[in-house]
Amino acid sequence: MVQGADQIGCILKISPALMGIVVLAAGTSVPDTIASVIVAKDGEGDMAVSNAIGSNVFDILLGLGLPWLISNFVYGKPVAVSKSDGAGPVVFALFQLIIILVAVMGILKFKNWQLSPKTGYVLVSLHVLYITVNILKPIIEGN
């Protein structure tokens, strides 16, 4: 999937980072989404939310940490996160993550920790905004 997304991105002149944010993230999140829908239908909203948060924590800490650790043992050198842009894209992604986490916590608190269709619309709208920002960022920066 990674190689296919990379090749499609190359053909369409879409950066690997944007392909990761849109295509790979969606592809790896489908099983989590299905699991969350199943438990939410059973009235276990807390489990659905915990699944979403827990899978992201797992992805960040183990999904990144373990391959980097293995790569370091195998090749004996650190892995470059960004080859040409320095830390800029990583810092921007982390900044977005923090904003999204704060927004989601605020929305849930505002809605008295109730997941309603309106909450769903707001969260989906935030995702569309997130994708839009990441599409427009290189255009605005002239890349």
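Predicted model: local features only at pLDDT ≥ 70, side-chain atom pairs only at ≥ 80, totals over all residues.
Helices (H or I, at least four residues) and strands (E, at least two) are DSSP runs, numbered from the N terminus. With that noted, I went through the secondary structure and found five helices and zero strands. Along the sequence I read the pattern α-α-α-α-α.

Residues are numbered from 1 along each chain as its sequence is written, and side-chain values use heavy atoms, with hydrogens and water left out.

Overall size next. I got a C-alpha trace spanning about 45 × 40 × 25 Å along its principal axes. Then I looked up burial (buried means under 20% relative accessible area, exposed over 50%, partly exposed in between, with a 1.4 Å probe and protein chains only). Of the 143 residues, 11% count as buried.

Then I picked helix α4. How far apart are its end C-alpha atoms? They are 33 Å apart, which agrees with the 33 Å that 23 residues (88–110) should span at 1.5 Å a residue; the expected span is 1.5 Å times one less than the number of residues.

Which residues of α4 are buried? I found Gln96, Ile107 and Leu108. What covers the buried residues of α4 includes α5 (117–141). Contact here means heavy atoms within 4.5 Å. Just after α4, I noted that asparagine 112 takes a positive phi of about 55°.

Last entry, on contacts across the chain: among those with a separation of 6 or more, 33% come from residues 24 or more positions apart.
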